[in-house]
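Dear colleague,

I am passing on the structure we spoke about, and my notes follow below it. Please read them alongside the coordinates.

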Amino acid sequence: MPTTKAPHVILLACPGAGHVLPMVVFAKRLAEDHGFTATIITYSTLSLPTQFHSTIFASLPSSITTATLPAVALDDLPADARVETRMLTAVKRGLPDLRNLLAELVHDHHPNVVAFLADMFCAQALPLAAGLGLPPYVVYLSNLMLLSLMLHLPELDATTTCEYRDLPDLLRLPGCVPLRGADILDTIQDRSNPAYKLMVEMTRHLALAEGFVVNTFDGMEHDAVVAFKEMSDKGACPPVYPVGPFVRRPCLLLNGVDAAAARYGCLRWLDGQPGGSVLYICFGSGGTLSVEQTGELAAGLEASGHRFLWVMHLPSDKDGSAAYFDDRRDDDDPMSFLPEGFTERTRGVGMCVPQWAPQVEVLNHRAVGGFVSHCGWNSTLEAVEAGVPVVAWPLFAEQRMNAVMLEESAGMALRPREDEAGGRGRVVVSREEVEAVVREVMAGEKGEAARKKVSALKKKAAESLAPEGSSRKALEAIVSRWKSAPRGTGNEPC
Ligand SMILES: O=c1ccn([C@@H]2O[C@H](COP(=O)(O)OP(=O)(O)O[C@H]3O[C@H](CO)[C@@H](O)[C@H](O)[C@H]3O)[C@@H](O)[C@H]2O)c(=O)[nH]1
């Protein structure tokens, strides 16, 4: 690894496509548009298959290098530990290795480190970086609404006695759409779960950040941008830089050759469909439905008669809770959980692909007219950039909050109703509801209204990234702060 003279940033990405992909896009923007060199550090624990990382990293320019932290053991955690528990524990246990790596990077290769940028889930690393003389920042890959909740969590924790889902009043975060307790981040809904304690602990470290670089833009969360600016002007929180959306152009694959075949197959299939006629269905990099819900979705789609492209993941039979990428095995076949005869009956109308599709290309294909999404923030921004209305189908993490934003404040989404499954205590979206919402988003008045709203947001997103646009200016502000910071002296390992 050569020693560099350019200003250097170190980015720490937590596992998961929803985190690694936007981090890569951000690093590329800093390198290609602003002359930085960068190191992206990833975790081998809980990470996507190595092939995935190598495919992504192969697209990096030579000014960006990568490093991977060694795996840490998590086998002492209970088998049913939440993914957030595993993730935050992996980050915590990886701190000694991270310290050694950072010291080596700074000492041997990059004396010019101007910022250490940690994914929000890696906030535990901020004190360590600060101790090494590296200015600590957070890259917030979700939105300002979630950042606001996280910064408010220590206080909420101290002042609330019940579970958050039982909060009697709406939660009013500054500049954000009011939220019912049941809609806030699902990781903190069970306060006796170890994941909750780890999340609260993580949020305490956020205060150490010298700034938050956020993957959002003014047109999407205008009131929250204003509220954060007021807070930081008063010194009540570090400055916030809304620099998004992080636009992803290249096509990235998950499983090498097989995925390449599926990728080109689904794009070719889209080429043969009429404009705006296909509903794209994808629950992010790891979201899954139960077997029962998979059957209801399939039946509703079939009854609607609309064309569809469905990225299928292996069902999780934990009643709607989501399995994550580390639960997958290469020989798993999600298609085997489709109702009998479904593929034959929908041949020509629909296409199912296992595991992964080139989402950005799919959403921007002229044939795609709607998107059933779990409302992961990257998927949300990609829908905005493509101008495609959404059927909001949140599964886990902050996705319910996002769904509320998309339906109620952005107006770009329709939300299907969930029902108790015949009094059996399970919540499902019934086949009738699926059929109705599919018809509505593809050809109904509400779908048309959502299409208009998302088209307006698409325009605002493009404006924010244009010269003089709000995101461009926010990025220039943080870049000039980094470039004008004294370098080469304050970064000596202590
Ligand atoms: O078949 C697929 C599936 C996913 N993607 C891409 O993978 C990313 C997925 O990101 P996102 O939509 O944010 O979903 P998750 O992977 O579920 O992301 C996690 O991280 C996000 C950012 O913090 C959160 O908003 C989510 O709730 C959390 O689940 C997007 O860029 C997609 O384009 C594909 O290209 N093809």
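What covers the buried residues of helix 4? Before the answer, two points on conventions. This is a predicted model, in which local features need pLDDT of at least 70 and side-chain atom pairs count only at pLDDT 80 or more, whereas totals for chains, interfaces and linings use all residues. Residues are numbered from 1 along each chain as its sequence is written, and side-chain values use heavy atoms, with hydrogens and water left out.

The cover of the buried residues of helix 4 includes strand 1 (8-12), strand 2 (37-43), strand 3 (64-69), helix 3 (83-93), strand 4 (113-119) and helix 5 (126-131). Here contact means heavy atoms within 4.5 Å, and helices (H or I, at least four residues) and strands (E, at least two) are DSSP runs numbered from the N terminus. The buried residues of helix 4 are Leu95, Leu98, Leu101, Leu102, Ala103, Leu105, Val106 and His109, where buried means under 20% relative accessible area, exposed over 50% and partly exposed in between, with a 1.4 Å probe and protein chains only. Helix 4 (residues 95-109) has 15 residues, and from its first C-alpha to its last it reaches 20 Å, close to the 21 Å expected at 1.5 Å a residue; the expected span is 1.5 Å times one less than the number of residues.

Helix 6 (residues 144-159) has 16 residues and should span 22 Å at 1.5 Å a residue, which agrees with the 22 Å between its end C-alpha atoms.

As for the rings, a search of the whole structure finds eight aromatic pairs, where rings of Phe, Tyr and Trp (its six-membered ring) pair if their centres lie within 6.5 Å, and planes under 30 degrees apart count as stacked, over 60 as edge-to-face and the rest as tilted. The rings of Phe26 and Phe246 are stacked, because their centres are 5.1 Å apart and their planes are at 15 degrees. Since Phe26 lies in helix 1 (residues 17-34) and Phe246 in the loop between strand 7 and helix 9 (256-271), the pair ties together parts that are 220 residues apart in sequence. Phe26 is buried at 1% relative accessibility, and Phe246 is buried at 9%. Trp310 and Phe342, by contrast, form an edge-to-face pair, with ring centres 6.4 Å apart and planes at 90 degrees. Ring pairs also link Phe36, Tyr137 and Trp482 into a cluster.

Finally, the chain as a whole. An automatic or database domain assignment divides the chain into domain 1 (8-248 + 468-484) and domain 2 (258-458), with 27 Å between their centres, taken over C-alpha atoms. The contact takes 37 residues from domain 1 and 29 residues from domain 2. About 2600 Å² is buried between the two domains, of which carbon and sulfur atoms give 65%; this is the accessible area (1.4 Å probe) that two parts lose on being put together, summed over both. Of the 494 residues of the chain, 60% count as buried.
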